[in-house]
Amino acid sequence: MLTIDRATLEAADADLKSRFLAGEPVSALVHERGRNVDETLRELWHTHANSLAGTVALVAVGGYGRGELHPYSDVDIMLLLPADFDPAGNESISSFITSLWDVGLEIGHSVRTVAQCASEAAADLTVATTLMEARLLDGPKALFDQMEAAVGPDKIWPSNRFFEEKRKEQIARHHRYDDTAYNLEPNVKGSPGGLRDIQMIGWVAKRHFGCNTFRELVGHKFLTPGQLKRLQECRNFLWRVRFALHILTGRQEDRILFDHQIKLAEMLGYEDASYTLAVEQFMQRYYRTVMELSRLNEMLLQLFEEAILMDPNATAKALNERFEIKNGFLQTTSNSVFTNDPSALLELFVLLQDHPDIRGVSAYTVGLMRRNLFLIDEEFRQNPRNHRLFLSILRAPEGVTHQLRRMNLYGVLGLYLPAFGRIVGRMQYDLFHAYTVDEHTLFVVSNLRRFALSRYDDEYPECSKLMQALDKPEILYLAGLFHDIAKGRGGDHSILGAVDAESFCLEHGLGKYDAATVAWLVKNHLLLSTTAQKKDIGDPDVINEFAALVGDQLHLDLLYLLTIADVRGTNPKLWNSWKASLFRDLYDLTSRALRRGLANPINRELLAAETEQQARAELRNSGLSDEQIDSVWILLDEDYFIRHKSNEIVWHTEWLADSDTKSAIGLVDARKKPGGDGIEAILYTPRWHHTFAHATGVVDELGMTIVDARIVPLQNDYSLDTYIFMELDKRIEIDDARINKVRRMLTRILTASEKNVATVTRAIPRQARMFKTKTRIDFLRVSRQGQNVMELVAADRPGLLSKIGQVFIELGIDIHNAKIMTIGEKAEDVFYITDESGLPLDTTAQETLRERLIEKLDNKQAAKR
């Protein structure tokens with residue numbers, strides 16, 4: 001009589017869930033669910049296919065073969081047939097499989113003979129791995145034993161080939177996750193340091209040594225009891241995360257998505273602290289766990305490589321009294337090297353830099369280092385010899401980033417720099433920072449190193465030229481190491497980090513000037529980026545103010561290089577040609593101001609005259625007469641020539657000179673941004689048209705984002721509006737067809753009524769929905785041109801700028817300039833505005849605008865969500 005049904009299984013799963021939430025150890029729960037499914041399968045097998053029970057083996061394979069099942073894990077089985085199987089039994093097999101679906105099990109199944117197992121496993125490593133974990137549930141053991149023998153290492157995939165191919169498989173899998181476990185939304189199973197890396201250790205151990213448990217590796221002296229305990233603790237934590245993910249989503253889900261992270265933190269018992277959110281604490285624990293597992297995975301696979309592929313009797317080549325090379329790996333000459341000379345913990349990395357042909361550190365030596373990390377104490381950190389060793393790592397001609405990463409992986413960097421140790425695995429719950437703070441920091445140093453190495457000159461030629469001309473590039477590496485080191489402490493991390501940096505530099509023997517330079521860079525590492533993206537760098541006053549803050553060309557060069565390395569290392573999606581040109585423009589303009597001298601700042605009249613002169617020369621060369629040029633320029637004022645580059649002025653002038661500027665509805669043109677990957681559009685329209693709301697809505701619907709807007713009123717009651725757009729999807733090619741589409745869509749604006757603004761229908765991205773940013777409006781100052789400078793911080797979403805533009809239309813506000821900056825899930829935009837008479841807004845008008853913007857943006861945001 002059938003006693004198993006869907007309700008029985010659901011009740012068993014519900015019991016496991018409640019016990020998990022009550023804090024019962026997850027290791028017991030995953031094995032209990034495996035046993036529950038075992039019992040279910042056996043009962044259904046005997047109910048629907050009892051006639052086959054004596055001849056056909058019911059076999060659990062894959063993860064189920066290990067007896068480990070999470071709430072929605074795959075349940076993979078194999079029906080192992082005898083060679084003389086009677087096809088009449090197929091009907092019973094079909095009935096059995098159907099019954100599994102009927103009770104709610106998501107079954108993956110295969111039907112094979114022993115010969116088929118052998119041939120398919122020989123041809124496919126994945127099949128071989130699955131069968132290696134096979135476990136007999138029911139049926140003839142002799143048949144199961146035949147299958148195990150047929151796919152054993154003496155028949156197919158000997159341990160050396162198995163190891164080599166599995167290692168390639170792991171490398172390829174890690175590449176799919178950008179070779180880092182520190183992504184914003186890691187995969188608990190597949191990411192580096194995830195559960196698959198643990199399984200990798202088990203597969204190789206079983207293939208070569210016949211081990212069925214990690215405990216057996218202790219007996220083979222591949223793990224110490226302490227390492228075994230840590231491996232089990234890390235695995236159990238990841239099991240808890242995966243178990244919770246399955247419960248939370250009601251399906252098999254291994255991605256720790258933003259959608260789930262806050263709820264997971266709550267389920268696992270984390271609470272918000274003074275300076276750290278619960279979700280940040282949870283994710284830091286996750287990242288530190290996978291770092292530890294990555295370290296164990298690397299060490300064990302290297303031990304396996306030494307045992308499986310290398311000559312144990314190879315002759316070691318001595319490097320000095322403490323270290324030698326064997327089989328291409330660096331190792332200690334004795335077990336007491338680190339206790340006798342703790343400085344060897346840093347010397348090891350120097351040797352790796354000095355001998356780039358060394359393949360790595362032997363697994364035993366890594367373990368020895370780990371057991372001696374307690375030696376890195378305050379006395380160690382104050383030792384002048386260690387200071388020299390650390391600085392020599394930063395000053396080495398090769399291997400700087402590689403060894404810093406290795407120091408972080410082995411736990412040395414966080415102990416030598418305790419402040420760095422506090423940011424290891426620290427995440428920031430936003431969409432702006434794609435990596436943990438320590439991973440981002442090492443990316444920044446890596447970017448700086450690429451500037452310093454001539455083989456990468458083709459990537460950023462200007463940066464490479466500046467970097468390779470520096471006498472002391474280590475100043476920048478130190479600034480890179482310290483620029484975010486104080487995150488999570490509360491207060492301004494730039495100021496706190498600058499104090500740490502200066503103290504560290506002085507302790508390590510750097511001169512006062514160099515130490516002060518590092519501290520200045522840390523304190524001001526955001527200055528160039530925010531100035532370029534939030535201020536009008538076409539305004540000489542802005543440039544003069546920035547030049548005064550920088551002080552001299554060396555500080556400008558250093559800050560420019562650090563800024564580019566920082567932005568590129570924050571999020572792969574952040575860097576684009578627009579930011580590159582924006583930062584370069586600020587750099588060039590500031591260099592010019594510094595050359596003139598801070599006591600002799602450039603004035604607006606001179607800048608406008610120089611730009612006008614350069615543009616006129618280019619226009620004459622292209623064939624325009626002075627009369628044609630003047631017929632256009634008579635409409636323009638000095639502000640236009642200050643806010644536009646000469647190549648833009650040439651384009652505008654040629655276009656207007658060749659067009660009917662008396663057109664009642666206006667004109668539109670677009671082109672690919674010279675030297676970049678954006679689109680530049682220009683609209684010549686009656687001033688009352690207010691193109692900002694329309695244009696931003698159109699391009700937003702096209703899947704583009706606006707990064708810059710300049711609206712210049714002309715003498716004939718028209719305006720010349722210039723917009724720069726970037727593709728949100730970098731896979732879209734900006735070709736003639738794309739530009740023509742933008743041109744056509746913008747042309748429709750010319751005949752649209754002022755209030756008939758296109759509706760943006762694109763949905764808010766999934767990740768952005770998890771964040772709630774309240775709209776904040778600040779009126780910063782009145783510019784020299786009599787314009788209110790208004791900063792708006794709000795949740796970024798499709799149609800945001802168009803809605804802002806609609807409020808401007810509604811309240812009769814003219815926009816003259818817009819600096820658009822998106823920081824992950826937040827928009828931080830700056831607008832230069834006046835009333836319709838060209839006058840700055842008074843306090844009452846400012847408050848009205850603030851209230852209306854908050855009402856429109858926050859209410860709309862809430863409704864859409």
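I looked up strand β2 (residues 75-81) and found it joined to β3 by seven bridges, the two running parallel. Strands here are DSSP E runs of at least two residues, helices H or I runs of at least four, both numbered from the N terminus. Two strands pair if DSSP finds at least two bridges between them.

I noted the ground rules: this is a predicted model, where local features need pLDDT of at least 70 and side-chain atom pairs pLDDT 80 or more, while totals for chains, interfaces and linings use all residues. Residues are numbered from 1 along each chain as its sequence is written, and side-chain values use heavy atoms, without hydrogens and water.

Next, the sheet. I read the order of its four strands as β3-β2-β1-β4, open, with mixed pairing. The edge strands, β3 (107-113) and β4 (135-138), each pair on one side only. In β3, Gly108 stands opposite Asp76.

Then the aromatics. I searched the whole structure and got 26 aromatic pairs. Rings of Phe, Tyr and Trp (its six-membered ring) pair with centres within 6.5 Å; planes under 30 degrees apart are stacked, over 60 edge-to-face, the rest tilted. I checked Phe390 and Phe504: their centres are 5.7 Å apart and their planes at 80 degrees, so the pair is edge-to-face. Phe390 sits in helix α18 (residues 384-395) and Phe504 in helix α25 (residues 493-507), 114 residues apart.

I looked up burial (under 20% relative accessible area is buried, over 50% exposed, partly exposed in between; 1.4 Å probe, protein chains only). Phe390 is buried at 1%. Phe504 is buried at 7%. Ring pairs link both into a cluster with Phe380, Tyr416 and Phe482.
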